[in-house]
Structure formats: structure tokens, C-alpha cells
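Hello,

Here is the structure for your files. My notes on domains and salt bridges follow below.

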Amino acid sequence: MELSRRHFLRTISALGGATLIGRRLPLLAQDHGGHSAATPSAITNLEPFVDALRIPPVLKPAKVKKVDTYSIVMQTGSVKCHRDLPPTNILGYNGIYPGPTIVAAKNRAVSIRQTNNLPMSHVTGENGEMVHMLPAVHLHGAAVAPESDGHPNDGIDFGGGTRDYHYPNQQRGCTLWYHDHTHGQTGERVLKGLAGMYILRDPSAEAPLKLPSGAREIPLIIQDRSFAADGQFIYTLDAATLEAGFQGDYILVNGVVQPFLEVETALYRFRILNGSNSRIYKLALSNGDSLIQIGTDGGLLQRPKEVASLEIAPSERVDVIIDFTRLPLGTKVVLRNLNDAGSTAQVMRFDVTKWVKEKKKVPQFLQAWDEIPEKNTVIHRDFTLQRQTINGSLTWTINSQAYNPANSPLATPELDSIEQWNFVNPTNHPHPMHLHLVQFQVININGIPQEASEFGWKDTVVVPPASELTILVKFSGYTGRYVFHCHNLEHEDFAMMGEFEVMPKT
Ligand code: C2O
Ligand code: CU
Ligand code: CU
């Protein structure tokens, strides 16, 4: 029988990609516990804080009528991640790692032409066919039409294939990121460098707040990596990685191993993204000062929140102000990761090197909170997250299904309707669950009602081990098919993903 590539992909993904040669899932004991150790680097003892933080360049758009247009080429490149490392080969948007930053403004559309000049990559299918792993690009956190969302079926051809992505930017100002969404290979391609930040500003909401800006508004993309002796990133899908997700043994910020940043005695705004495959960080300052959180995935909180530490799971964003105003010159403050010990316990360092008189203050009020009316809920759905053997392979599932774009959607919400989605996690792993298209509110954890405004607008939320968590979602904007999945990228690739289809109003 002749199978079209798409049909073939459907067939293989029914098994969660498990029949692709070289990507067969080993059978593991069902309750092999807890977290994996990190993949060990061949190079140990890289000295922290010897390289300066780099800030990804902001791309300049061409202004075509009412649209900012960009052209980005996915291609190989190389980057120095640390003083003592040889250059690392990467896959990058415009060949750089992390990718360039896009800065957009609310209600002004952006159009990005993505060109695929990545080295051809394929896997061999069951019957010896060659299956090309076509990259798709997803703008995480954005409300966009299905054809611009980077659906796994919408990959871009190798050898200079292009696709235009349209982003209307009609949502709250927030920190988004764009990243690879290749069917079954997102973990590997994001790890090799295909990720960048996308800042959506809402001038009318933000300008009156006079938040730190310019050189004092800094994106921090936190990722963990392991290095081979020749400086290359290691990515091995061994049994522990397939279960717990990839973890590196060095922390990088904006592509630099444990950098330092010279700061003035002023307020700084950091837009922090956890761009790691699976590691969850608990951020805190070594001098005991608090972090002042002002925003989440979906934009500004109602009021700033002073916290001693902040947990951030893969793909979550936190918008944070750090106050360096009272620190003597020469002070060095380490941004720590309290979840880990050893080389992964330190993220970066701030060195106070210059005195200035800071006139800014942290505003007491940020942005009005809009409650989604819970009483208008039309349906309550349960999604159980599990590790199960399907067709002889151990895989991650949602409601006992391994992802397959050919399956019918797991949910069919009506446009503009409000639903409650309850994620049930009987496993001993945390699952950062993400819905495309929407920003949602967290209303219940383990039967205990939550104050949604404390969580802020979210598009990714951790469902803790042995727990249940309910979100309240309004499906606005577009009809059509979108995915939702665990953002532990190895869980996502090995099938903890499903689809929902927003249906026209009846
Ligand atoms: Cu960042 Cu499908 O997600
Ligand atoms: Cu997304
Ligand atoms: Cu997961």
C-alpha cells in the first residue's frame, strides 16, 4: 500500500512516534520514581560568572502598511557559551542562539516569514520510508488563527521552504516566546537553539506605570544544557530522560553559562522565561532581598507581589523587578535556584558597579483584573495525565491517548464559551500543562478554591504530582484546531499532547 507522508505520520503518531527507528521507547517500570539525574557533561567545573550576559538583538521590522513584517531564516550557527568552551554548533532563528527578540505593540499586526534552511533531518519509518521532520514555528501564549499557530501538520519544507505567520497582537501586553514545534522533535530542536523572545507591549496600559525600561528592562531566557568534550550540546534520549525529561548540568542565561551582569543602583525589570526542556527552577536572591513579581505568562498582575522565591516551570514567564538601590558598590548578588544543588544551584550574578540616583518607584497598582465569570461555565472536563504502555511502548498519555493528529479532538468547546478543565495527575512527575490560543485562570487545586488573580493570566501551569488542578478558560478569538500539551518537552514529544477544536457558535 502506498502511504502518503501525512497518512504515514498519522499512523506512526498513533503510537506516539514509538515506531520510528531510533526513537523506540524503552519499557520502563511503571513507577520508576521521581526526577532523573541530569545528563552529565564531559566538561566539568566550568567557572561561573566569567562571561557577561548577552542580550539577544531586537529585530527591525519593515513597515508594510499596518503590519510589521519580518523575515527569519532557520539555519545552523555557532556560539561561545563559556570562556573555556569551544564554540557550540546550534540550530537558530537567523543562525543565532537564542533567536532575535521581536518587539510588538498591541493592535499592530506582525507578519513573520520563516524560511527553513536547517540541515535536512529525517527518520526511517516502519516500512523503510524516509520521513522528513519538518519544523513548525509556534508563538507561545499568542491568540492567533490556527494556520499561524505552528500545528504539527503544518511543518515547513527543507531546502528553503517558507511559511508566513500572522500575529494580530490583539491581547494584553505580555512576554511571549517563539519556538520550534516539530512533530516529535520539539525537545531536540529547542535544545539545539530554536527559541527566541517576543515582547508584546501595550503602551496605553504600561506607559503610565513608568516601569524600568531601556537598558534596565532585560530578557532572561533560562535553560539547562550539558556539554560534550568538544563543546557540543548533548541530547540523549535514555530511559531516565524519556521519563523525567531532559536536564542539563549547567545553567545558561541567554545562551551563556552562568553569566554576570553589571548593574547600577536602580530598579531593573527582568522578563524571565524558563526555556528549559524539563527543569523547574526556584529563583531567589543570595542576599535575601525579595523579588518583586509584576507579571505572569499573560501580562501584568493586578498588584506587585513581593516574594522570597519564585518557582518557574518550563515555558512559564515571570516579570520581575529587582531593587538594587540600597546596595553598596561592589555588592555581588547571585540569582539562585533553590530547587537544586551543585552547578545548577546558581543561575547568574548581578554585580553592582555604578551609583546612580533612582527616581522610579514600584507602582502600587499595575493593571485591572478581569475575572472570567465562573458561574457561566458550560462544561467541566477531566483530563487524566498518565504513563501507560500503548502497543508495547511506554508513553505519556492524556485520557489514555498518545498524541495523534488524526484522532478526533479531545474537546470541542464552542467559540466564546467558558469551560473548566480539570487536570488529574496520578503520576509522580509534575506536568506543566499548556493550552495554545488562550490565557486561562487557575481556580482550584486538590479541591481547594484558589484566588485566580494571585496566579495572574496563565497559559502554562504545573499540575503537581499526585494532584488535581482546575483551570477556567474562555475560548475566544478563533475557531479551529489547536493543541494542548505538557511543556516538559520530552513528555510532549512522547505523546502527552491532545487537540481541542473551537467550534462555531450554534
Ligand atoms: Cu510552547 Cu505547544 O508550546
Ligand atoms: Cu503554546
Ligand atoms: Cu509532563
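What distance separates the centres of domain 1 and domain 3, taken over C-alpha atoms? The centres are 22 Å apart. The contact (heavy atoms within 4.5 Å) takes 39 residues from domain 1 and 38 residues from domain 3.

Some conventions before the rest. This is a predicted model, in which local features need pLDDT of at least 70 and side-chain atom pairs count only at pLDDT 80 or more, while totals for chains, interfaces and linings use all residues. Residues are numbered from 1 along each chain as its sequence is written, chains are lettered from A and ligands numbered from 1 in the order in which they are written, and side-chain values use heavy atoms, with hydrogens and water left out.

Domains

The protein is divided into domain 1 (2–32 + 47–203), domain 2 (209–354) and domain 3 (374–502), with bounds from an automatic or database domain assignment. Between domain 1 and domain 3 about 3000 Å² is buried, counted as the accessible area (1.4 Å probe) that the two parts lose on being put together, summed over both. Carbon and sulfur atoms give 55% of that area.

On the side of domain 1 that touches domain 3, the residues divide into 16 nonpolar, 17 polar and six charged. Here Ala, Val, Leu, Ile, Met, Phe, Trp, Tyr, Cys and Pro count as nonpolar, Asp, Glu, Lys and Arg as charged, and the others, Gly among them, as polar.

Salt bridges

The structure as a whole holds 28 salt bridges. For accessibility, buried means under 20% relative accessible area, exposed over 50%, and partly exposed in between (1.4 Å probe, protein chains only).

- Asp84 pairs with Arg83, with the closest N and O atoms 3.0 Å apart. Asp84 is partly exposed at 42%, and Arg83 is partly exposed at 43%.
- Lys192 pairs with Glu188 at 2.9 Å between the closest N and O atoms. Both are partly exposed, Lys192 at 27% and Glu188 at 22%.
- Arg317 pairs with Asp297, the closest N and O atoms being 3.8 Å apart. Arg317 is buried at 2%, and Asp297 is buried at 0%.

Salt bridges that share partners also join Arg201, Glu206, Glu217, Arg269, Arg271 and Asp319 into one network.

Regards

Definitions and conventions
A salt bridge is a side-chain nitrogen of Lys or Arg within 4 Å of a carboxyl oxygen of Asp or Glu.
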